Amino acid sequence: MPKAKKSGKRKKFDYNQDRKKMKKKFIKKCNPRIENPQIRNAWDDKKSMARNLQEMGLAFDPNRTLPIKKQRLLGDDKETKAPVNIVTKPYVLNQLEEEASRPEKDSKTLSSDLIEYVQYMIQEHKDDYKAMARDEKNYYQDTPKQIKRKINEYKRCHPQHYDAFISSLSVPQPMVQ
């Protein structure tokens, strides 16, 4: 059988490689970054993943944490016992529960061009979506339903702006002579 090409070649030290950078890259690959700040701060690198999670009161293996009753033919059901874990870091669990109970902010926003477009359409045509579809400013040739969807999106994302805009439309503008 033929030998691999570089199998007999002597290993040499590569002076062009930055060993410190290589070590950092290797460590980063071995220990991936934990995204959650509460878990990251309580994590102990010297302990295993299962041990760390157990100390925080989190489940490593859900099959062990929530045991399932095993059914027997004779009728005596036995429930497998879940191991009793000692939680030494309960503050992590409390912080996670607190974070989960906070209401999520709707951070979705619309582009300024779309807001301008919707305001123009409402200003010109009120609720006539068919007329909006025929308007010359409808560059993307949106259908009446698409325009209605965009207006509803504007109402949902910017309710205060929409209310202020509608109230400014209802106020009659004084005529300049």
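**View 1. Lys150 and its salt-bridge partner, Asp142.** Lys150 is partly exposed, with a relative accessible area of 22% (buried means under 20% relative accessible area, exposed over 50%, and partly exposed in between, using a 1.4 Å probe and protein chains only). Its side chain meets that of Asp142 in a salt bridge, at 2.6 Å from N to O. For a salt bridge, a side-chain nitrogen of Lys or Arg has to lie within 4 Å of a carboxyl oxygen of Asp or Glu. Asp142 counts as buried, at 8% relative accessibility.

A quick note before the other views: this is a predicted model, where local features need pLDDT of at least 70 and side-chain atom pairs count only at pLDDT 80 or more, while totals for chains, interfaces and linings use all residues. Residues are numbered from 1 along each chain as its sequence is written, and side-chain values use heavy atoms, with hydrogens and water left out.

View 2. Lys47 is partly exposed at 33% relative accessibility, whereas Glu55 is buried, with a relative accessible area of 8%. Who else joins the network of salt bridges that links Lys47 and Glu55? Asp44, Arg51 and Lys89 are linked in it too. Across the whole structure, a search finds eight salt bridges.

**View 3. Arg156 and Glu153 in helix α8.** Arg156 forms a salt bridge with Glu153, and their closest N and O atoms are 3.0 Å apart. The two sit three residues apart in helix α8, so about one helical turn separates them. Helices (H or I, at least four residues) are DSSP runs, numbered from the N terminus. Arg156 counts as partly exposed, at 43% relative accessibility.

**View 4. Helix α8 meets helix α9.** Two packed helices are described by the angle between their axes and the distance between the axes. For α8 (residues 144-157) and α9 (residues 159-170), the angle is about 110° and the axes are 5 Å apart. Axes are lines fitted to C-alpha atoms, for helices over the stretch in contact, and angles run from 0 to 180 degrees between N-to-C directions. That makes α8 and α9 roughly perpendicular to each other (65 to 115 degrees; under 35 counts as roughly parallel, over 145 as roughly antiparallel, and the rest as oblique). Tyr154, Lys155, Arg156 and Cys157 of α8 make the contact with Pro159, His161, Tyr162 and Phe165 of α9, where contact means heavy atoms within 4.5 Å. By class, that is five nonpolar, one polar and two charged residues (Ala, Val, Leu, Ile, Met, Phe, Trp, Tyr, Cys and Pro count as nonpolar, Asp, Glu, Lys and Arg as charged, and the others, Gly among them, as polar).

**View 5. Helix α6 alongside helix α9.** The axes of α6 and α9 come within 11 Å and cross at roughly 30°, so these helices are roughly parallel to each other. On the α6 side, the contact is made by Gln119, Ile122 and Gln123, and on the α9 side by Tyr162, Phe165, Ile166 and Leu169. These residues divide into five nonpolar, two polar and no charged.

**View 6. Tyr120 of helix α6.** You'll find Tyr120 in helix α6 (residues 112-125), partly exposed at 22% relative accessibility. Leaving aside residues up to four places away in sequence, Tyr120 touches Asp135 and Lys137. Tyr120 and Lys137 are 17 residues apart along the chain, with 8.8 Å between their C-alpha atoms.
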